[in-house]
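Q: Please take a close look at one part of this model, the cavity space inside it. Then connect it to the backbone and packing details elsewhere in the chain.

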Amino acid sequence: MSVLTRDEAQTRAQLIDVHRYAIDLDLTTGDETFASRSLIHFTARSAGDTFVELKPSALHSLTLDGHALDPEALDGNRYPLTLEPGEHRLQVEALMDYSRTGEGMHRFTDPSDGETYVYSQMFMEDVQRVFAAFDQPDLKAVFELAVTAPEGWTVLGNGVAAHHGAGRWSCAATPPISTYLVAVAAGPWHSVRTEHAGLPFGLHTRRSLGPHLDADADELFEITRQCFDRYHEKFEEPYPFDSYDQAFVPEFNAGAMENPGLVTFRDEFVFRSAVTDTQRQTRAMVIAHEMAHMWFGDLVTLAWWDDIWLNESFAEYMGYQTLTEATRFTDTWVDFGIARKAWGYDADQRPSTHPVAPDPDAVPDTASAMLNFDGISYAKGASALRQLVTWLGEKDFLAGINTHFRRHRFANATLADFLDSLAAATDRDVHGWAKSWLRTTGVDTLTPQVTDGPGGWTLAVDRDGGRPHRITVGAYDRDPVRPGSLVLRDRIDVDVPLTGGEPHPGRRPALVLLNDGDTTYAKVRLDAESWATALGSLSGIPDPLTRAVVWNAARDMVRDGELAPATYLEAARAHLPGETDLAVVQGVLSFAATQIADRYLAPGRRPAALSLLTDTCRALLRRTEDGSDPGMRLTAVRHFVDAAAHSASIQEWLTDGSVPGGPELDPELRWRILTRLCVLGEAGEPEITAELARDPSATGREGAARCRAALPFAEAKAAAWARMFEGEELSNYLFAATAQGFWQPEQASLTREYVGRFYADAVGLADRRGPAIAEAAGRYAFPAHEVTAEALRQGRDCLEGTGMLPALHRKLADQLDDLARALRVRGV
C-alpha cells in the first residue's frame, strides 16, 4: 500500500476540486465484510493524471462519467484516473473488510449480550478502508451518507440521521469537511437525547453499558452545555453543524475523535466502576477538547499534516482553559501540569523530538505525519499557547482566533495564515515568537540565582535554552503559626532571560519558585535553600498548582540524574499523606511506582521501594477512614494493590468483597487485585475462570487476558506470547491487555528469554497487522522492565535494520531512549 506524499497531495489539489460524495454502505452482508458504494462529483481544472484511494476486500466496479473502468487496474490502494478538463462523476462499488484493530470500520460483538456494533475511524488515511475517496485534508467536500443496517439498529452520522424503514437510513448532508472527518456508527445503541440552543444533542453507548450511561447522563449533558455556551462566548463563529452527538464506542484506539456532529469516545468513559473526581475531570476535559475541534480542525482545517498542532495544541489548550472557566472543574491546570505536561517534557527530550510546528519538508507523507500525534503536538503545544496568551493577553489572542475563523471558515489554513490572523490583532512580533517557540525543539531549563544582602535580596535567572519566557516567581515564607507550612509573600512577574539581578526588599524568602502558576514550558530548578525548604514543607505550600510545579522539578531532577530516586520516594512518604489535591497524589504515586520502583532502582532495591509505597498508601487510607475523601481513598487502594508484595491483605479484600472501611469491590478493583495475585503466584486459572463468569463483559475478557499473561509459569508466558505474536484473533484491546500482563518486574528471570525475541516478532507482527497493532506492540509489549545494557544493545541492533513500519520504529526508538535514561539514572 502506498502512503500519500505531500507533493502528491499538492499536485492533486492543483488538478481537481471535489464537490460532493454520495456514500452508500450496506452493513447486512455478513460478519467479515460490508458493501460500499461511492459516487464522487468533482472538477478537473485541466487534463491530467491522478488517482483515487481505496483498500477493498474486492473491487466490483468503477465508472467514470458513465464509462466502465477495469477493476484490475487497482494498484495497491490507488486506482489511476486520466481526466479531461471539466465536471466528472466517479462511481465505485466494492466489498470492504471490517476491522478488529480500531481502524476503518471496526466491528465488535459484546460478550455481555451478543449484540454487535460497528463504527468508523477514518483518521489520516483509514477512510480508504470504508469508501473510495480523494483522501487528503485540503480536498473538502459535502458528504451525503446512506446506510442499510440490520433491523433494530440505529445509525448515527455527521448530520441528523433519518430512518426510512426496512433498515434504510440517511444522514443530512454535511457542510464542506475533510475526508478524515466523515463518521458513521451503527448498532442497537442505548441513547439519551436532549436539545440545547435549538440543536439535538445525544449520548450513545452499547446496551450493556446503558444503565451506567443513564447514571451519568445529567453530568455529561451539563458539561457539554457549559462548554458549548462558553465557546460561543469566545468565538464569533457559531457552531457550524446541525447536531451534536457523542458516541462512546468499544475498542477505540484514541481517547476520542472530533468527527463533526458525531464525536466518538472510548467507552471506558462510561464508568461502570467507581472513579475519582480527577477521572471525571479527565472525561470532561476530553469533551471540551473535542468540542473545541469543531472550530479548530473541522471548521478551519489544516492544509497538510505538518500543521497538526493547529488542531491538537489548540483543542488541548482550549479544553483545559474552558473547563476551568465554565464548569465545576476549576483546577484543571493542576492535572495538566502534573500529568499531561510530563508527556510533553519526556517526548521533547528524546531523539525523536520535533518542533511543535515542523517544517513542511519534515512531514513528507502520511506515515511520517502519524508519528507526530504525541506529547509535543498536544501537551507542549498547549503549553506554548498558554505562554502565548500570557505574553500576548487573552483579548488579543481571541481577536486573532476569530479573525482566523472568519478568513478560513469551511476551508484550509496553514501556520502562516494563523500568524497573519494573530498579527492583525496585536503590535507584538508574533512571527518572532513563533520562530522561537514553534520552530524549535527541546526544553529550556531555568535556574534561579538568589543572593541575600543587607538591603534586601536579589534574583537573577539563568536560562539553558533559547526561548523567551514570561513567568511569575513565587516568594514564600515559613508560616509562623503552622509549622511545616508556607505563606505567600509575593508573586513577581519577570521576563527571562533575567540577568544582572533584580533587587527586592526584605530578607530572602524561604522558597523562591520560578514559573509559579506553571504558565510557561520549561524545566525549573531551585536554589539550595529553596530546595531544602521544599523538601521539608512541600505539602505545606498553599496552592496545589505551585505544589505541582515543585513536584515536577523533583521529577525532572530524578530523570536528569540530579536527585536520587530514593530522595523522591522519601518526599512522597513525607508529604503525600498530607496532600489534598488528588491529581498531585495520583501523579506522584504513578511516577514513583512505574518509573522509580519499576525501572530506576536496581532490582535488589525494588522491594524496599514497594514497601515505602504501601506505607504511604496505608497513611492515606488512615486519613480517609471517615469517608471524607472517597476519591483519595480509592486512589490509595489502587496503588496499594499494585505495590503489594504479599498477598494476605489484598486476598482478604477479594474474599470479603470490600476494603475495611470501604470501598466495596467493584469489577475494576476485583480484576486489579486478581491481576496482582496472579503476578505473585497466589491465584491461577480457577480463580480467573470464576471471575470471568462473574464479569463476562468485554472489560472482564480483557481482565482475564491480563491475568492469564501475568501468571508466573513458563507455559502461561508461552501461551500469551503465541496469542500476541503468532495469532491474528486478538483485537486491539485484547492485545494490549495480554501485553500488559506479560512483563512483570517480579518475573524477570522467567521472561528474559523473550527480550531478544520481541524485536523480530514485533517487526513481523507490525507488517502483518498494521499501524494500530504496531503501536500497541511498541507501547505495551516492549520489555520495559529489562533495564540492562544487553537489552539496549539488542534493541539498537533491531533499529538499524531496514523496512520496519514507521509506527513501530518510532515507538521502539522512544522506548530505547527511555531505557538508556533508566540505565543512566541507575548509574548515578
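A: Helices (H or I, at least four residues) and strands (E, at least two) are DSSP runs, numbered from the N terminus. Phe 410 sits in the loop between helix H8 (394-408) and strand S21 (411-413). Its phi is near 60 degrees, a positive value in a residue other than glycine.

The model is predicted: local features need pLDDT of at least 70, side-chain atom pairs count only at pLDDT 80 or more, and totals for chains, interfaces and linings use all residues. Residues are numbered from 1 along each chain as its sequence is written, and side-chain values use heavy atoms, with hydrogens and water left out.

Now the cavity space. A cavity is a set of points on a 1 Å grid, over the protein atoms alone, where a 1.4 Å probe fits but cannot get out; lining residues have an atom within 4 Å of a point. The whole structure holds 5 cavities of 30 Å³ or more.

Next, Gln 246. This residue lies in strand S17 (residues 244-249). Is Gln 246 buried or exposed? Gln 246 counts as buried because its relative accessibility is 1%. Buried means under 20% relative accessible area, exposed over 50%, and partly exposed in between (1.4 Å probe, protein chains only). The side chain of Gln 246 makes a polar contact of 2.9 Å with the side chain of Thr 224. Such a contact is a pair of N or O atoms within 3.5 Å, one able to donate a hydrogen and the other to accept it. Setting aside residues up to four places away in sequence, Gln 246 touches Gly 202, Leu 203, His 204, Thr 224, Val 263, Phe 265 and Ile 287. Contact here means heavy atoms within 4.5 Å.

Follow the chain on to Glu 251. This residue lies in the loop between S17 and strand S18 (256-257). Glu 251 is another non-glycine residue with a positive phi, near 55 degrees. With a relative accessible area of 6%, Glu 251 is also buried.

Gly 86 makes a contrast. Gly 86 is in strand S7 (residues 86-97). At 24% relative accessibility, Gly 86 counts as partly exposed. The C-alpha atoms of Gly 86 and Thr 43 are 5.4 Å apart, although 43 residues separate the two in sequence. Beyond its neighbours within four places in sequence, Gly 86 contacts Phe 42, Thr 43 and Ala 44.

Strand pairing comes next. Two strands pair if DSSP finds at least two bridges between them. S8 (residues 104-109) and S9 (residues 116-121) run antiparallel, joined by 6 bridges. Thr 109 stands opposite Thr 116 in S9. The hairpin has 6 residues between the strands, and Gly 114 takes a positive phi near 80 degrees there. S8 is mostly covered, with 5 of its 6 residues buried.

In a regular strand the side chains alternate between the two faces of the sheet. In strand S11 (residues 154-157), Thr 154 and Leu 156 point one way, Val 155 and Gly 157 the other, and all are buried. S11 pairs antiparallel with strand S14 (residues 184-187) over 4 bridges. Val 184 in S14 is the bridge partner of Gly 157.

Further along, 4 strands form an open sheet of mixed pairing, in the order S26-S23-S22-S28. Strand S26 (498-504) and strand S28 (523-524) are its edges, each pairing on one side only. S22 (residues 445-453) and S28 pair in the parallel sense over 2 bridges. Leu 446 faces Val 524 in S28.

The bond from Val 496 to Pro 497 is cis, with omega near 15 degrees. Pro 497 lies in the loop between strand S25 (486-496) and S26. The bond joining Gly 662 and Pro 663 is also cis, with omega about 10 degrees. Pro 663 is in the loop between helix H17 (648-656) and helix H18 (667-679).

How values were computed:
On a 1 Å grid over the protein atoms alone, a cavity is a set of points where a 1.4 Å probe fits but cannot get out, and a pocket is an open set with protein on both sides within 12 Å along at least five of seven lines; lining residues have an atom within 4 Å of a point. Grid points are joined across faces, edges and corners, and a volume is the space filled by probe spheres set on the points.
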